[in-house]
There are 2 protein chains.
Amino acid sequence: MVKFVDVNNMARWIQRDGVENIITGMVGYLERDYKRWELFHKIPRVASHTPFGVIELMPTSDGEEYSFKYVNGHPSNPARGFQTVTAFGLLADVDNGYPTFESEMTLLTALRTAATSAMVAKHLARKDSKTMAMIGAGSQSEFQALGFRGVLGIEDIAIYDIDDEAVEKFRRNLEPLGFNIVVCKSVDEAVLGADIITTCTADKAQNQILADKHVAPGVHLNAVGGDCPGKTELEASILDKSKVFVEFPEQTRIEGEIQQMADDFPVVEFWKVLTGEETGRDSDDQITLFDDVGFAINDFSALRYLRDAVAGSDLETDIDIVANPDDPKDLFSLVANVPSLI
Amino acid sequence: MVKFVDVNNMARWIQRDGVENIITGMVGYLERDYKRWELFHKIPRVASHTPFGVIELMPTSDGEEYSFKYVNGHPSNPARGFQTVTAFGLLADVDNGYPTFESEMTLLTALRTAATSAMVAKHLARKDSKTMAMIGAGSQSEFQALGFRGVLGIEDIAIYDIDDEAVEKFRRNLEPLGFNIVVCKSVDEAVLGADIITTCTADKAQNQILADKHVAPGVHLNAVGGDCPGKTELEASILDKSKVFVEFPEQTRIEGEIQQMADDFPVVEFWKVLTGEETGRDSDDQITLFDDVGFAINDFSALRYLRDAVAGSDLETDIDIVANPDDPKDLFSLVANVPSLI
């Protein structure tokens, strides 16, 4: 039997352990996996594009365990009552190829994306960072805020979105949790004096959510929403004046903000900051920019963290997706000789 | 909710409808999809190789529905009590990216592989074909035999495998169903006078399960087991004297028997035989060879056939893998405000 966490049990787990605790714990798993980055089998995710969205498969393996995630991205979904992003995925045993663990990953992706952002900011943002501007108040926004509070202690957030109702939802969800939320009427207002800027919007277009003028010296820029060919958020000149960090360059050059730049535009692979092969922030005035697109190893870490956290509890159930004949060469026995299954 | 067919319900379905009926029906779905081949989004499957096996993802889409299959191939598994191949997969709605149907696919892959073989043989084998030689008595073998009986009326089978117990299992499973089974002591004995030869072995090596001398004029050769880089079954000169048909050349040149040949070795895409753009068998003396590796569209057809066959019955259940907040931008509501889920 494969262990399984469905949406209801995922929600129960998050309520049991708490978003901030989970993200903080997940950062530990992420850092361990990023430090052994070279071990992993890595390819850009496999995308099936249509004019209105994308469906992607994100596989990776450390040679002992294999993971993949199915994830869609449909920016026009919310207007029709659907979410922009849904996901599910699994872990498998590389030795025999059998799946071992399956889970919903819409909520888990929200957690792991926030955990990845927080992990990177922990190493790249100025140590005295106290405020974050957030551009985009969609499904990912609360998880980003809680991740930055859990890992960096950020409690002061200036929020802007073109959708007033989404901003109000963000404020309503987070103020009761102790955040100081400033609702802003423009990007200019939101970024004023911010130590960290997070962009996380969903439009599949070459946008300039953030212009050059919005990014002051010393800022850490957590650019989450540019994650698809033809989908960017930043004015290109921001990239020129920043030190740019990425997950897996072969994927980020296709999908990230740097798709706007030349193929040899210099980037730092973030895992090398963790191993000490590269420096992170070099000065208080430097602009550090995480061009986040979301990589398969992030999901590998998140799935393993979840699996370990729920092991043996009633948050996991069994799912019967691997046929298991007594004689492995006699698959036919399952349909020929099973006594009165019907 | 996503509709779900687990292993037990898959077995119940196969017992309810019967292997031969299912394969015959599935051939109809396959033929319809192969005739609209050009509509599909097609890529070679995405493989993660280790020395002892492979895990693969096989996505495709016709622009309205998306499917993918997770499948492993571990030739050393049976000796350890595991199956060589296990699989599961799903269908999704391209319009919003949401999964709609998930299923076990170990049994379904056995059915669809046999259905694909039978579909191709129906169009390429000599119309007077009466006997089949089978090399390999593993998990796929009974499904191949039933597929060829259901679609081509083949009842006389000569079987050979290096594993005597597997051969005995094959005989034990199929003789009660009315087949005439001749157990052979060698490949030479098995192929003698055969109209159709099916090779389906699992070793991940460049083997010569079948030598040039084994393939007489007029035979249809259904080569199923060569389906991975470094895994072939046929002496290369057999390819030179045959008219070779493939599913998706970009994948078959990597994985199929033709990996032994030059990059421009001539092949016919089988779908073009169905649309009339290419001829199939040109004479009774010609050797036709289906270099089968298994392509994603086969799984697309199989999943849709299954989905349609079990719709509304107790063979499908609901599986909760897509989070569904009332406000699509308020994913956080699922973990913040659900009253006492714990």
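The legends below accompany several close-up views of a predicted model.

**View 1. The interface between chain A and chain B.** In this predicted model, 81 residues of chain A are in contact with 81 residues of chain B, and the area buried between chain A and chain B is about 7,000 Å², with carbon and sulfur atoms giving 64% of that area. On the side of chain A, the residues that lose the most area to chain B are A:Gln15, A:Lys329 and A:Phe332, which together make up 11% of what that side buries. The size of an interface is often given in this way, as the accessible area lost when the parts come together.

View 2. Between chain A and chain B, the count is 34 residue pairs in polar contact, with both residues at pLDDT 80 or more. Helix H1 of chain A, residues 7-17, gives the most to the side of chain A that touches chain B, contributing seven residues. By class, that side of chain A has 45 nonpolar, 20 polar and 16 charged residues. The count of salt bridges between chain A and chain B is six, and in one salt bridge the side chain of B:Asp163 meets the side chain of A:Lys329, at 2.7 Å from N to O.

**View 3. The salt bridge of B:Arg80 with A:Asp95.** The closest N and O atoms of B:Arg80 and A:Asp95 are 2.8 Å apart, and the two residues form a salt bridge. B:Arg80 lies in the loop between strand S4 (65-73) and strand S5 (87-93) of chain B, while A:Asp95 lies in the loop between strand S5 (87-93) and strand S6 (99-104) of chain A, so the pair joins two chains. B:Arg80 is partly exposed, with a relative accessible area of 34%, and A:Asp95 is also partly exposed, with a relative accessible area of 37%.

**View 4. A:Arg304 and A:Glu65 within chain A.** Over all chains the count comes to 60 salt bridges, and A:Arg304 forms one with A:Glu65, where the closest N and O atoms are 2.7 Å apart. Because A:Arg304 lies in helix H10 of chain A and A:Glu65 in strand S4 (residues 65-73) of chain A, the pair ties together parts that are 239 residues apart in sequence. Both A:Arg304 and A:Glu65 are buried.

**View 5. The surroundings of B:Arg304 in chain B.** B:Arg304 is placed in helix H10 (residues 296-310) of chain B, and at 18% relative accessibility B:Arg304 counts as buried. Leaving out residues up to four places away in sequence, B:Arg304 touches B:Tyr29, B:Asp33, B:Arg36, B:Asp62, B:Glu65 and B:Leu91, and the side chain of B:Arg304 makes a polar contact with the side chain of B:Glu65 at 2.8 Å. Although B:Arg304 and B:Met26 are 278 residues apart in sequence, their C-alpha atoms are 9.1 Å apart in space.

**View 6. The buried residue A:Asp292.** A:Asp292 lies in the loop between strand S16 (287-291) and helix H10 (296-310) of chain A. A:Asp292 is buried yet has no salt bridge, and the nearest side chain of opposite charge, that of A:Arg112, is 5.7 Å away. The side chain of A:Asp292 instead reaches the backbone nitrogen of A:Gly294 at 3.1 Å. Beyond its neighbours within four places in sequence, A:Asp292 is in contact with residues including A:Thr113, A:Ser117 and A:Glu247.

How values were computed:
Residues numbered from 1 in each chain as written. Chains lettered and ligands numbered in written order. Predicted model: local features only at pLDDT ≥ 70, side-chain atom pairs only at ≥ 80, totals over all residues. Heavy atoms only, no water. Contact = heavy atoms within 4.5 Å. Buried area = accessible area lost by both parts, 1.4 Å probe. Salt bridge = Lys/Arg side-chain N within 4 Å of Asp/Glu carboxyl O. Polar contact = N/O pair within 3.5 Å; in protein donor to acceptor, adjacent residues only side chain to side chain. Helix = DSSP H or I, 4+ residues; strand = E, 2+ residues; numbered from the N terminus. Nonpolar A, V, L, I, M, F, W, Y, C, P; charged D, E, K, R; others polar. Buried < 20%, exposed > 50% of the residue type's maximum accessible area, 1.4 Å probe, protein only. Lys, Arg positive; Asp, Glu negative; His and termini not counted.
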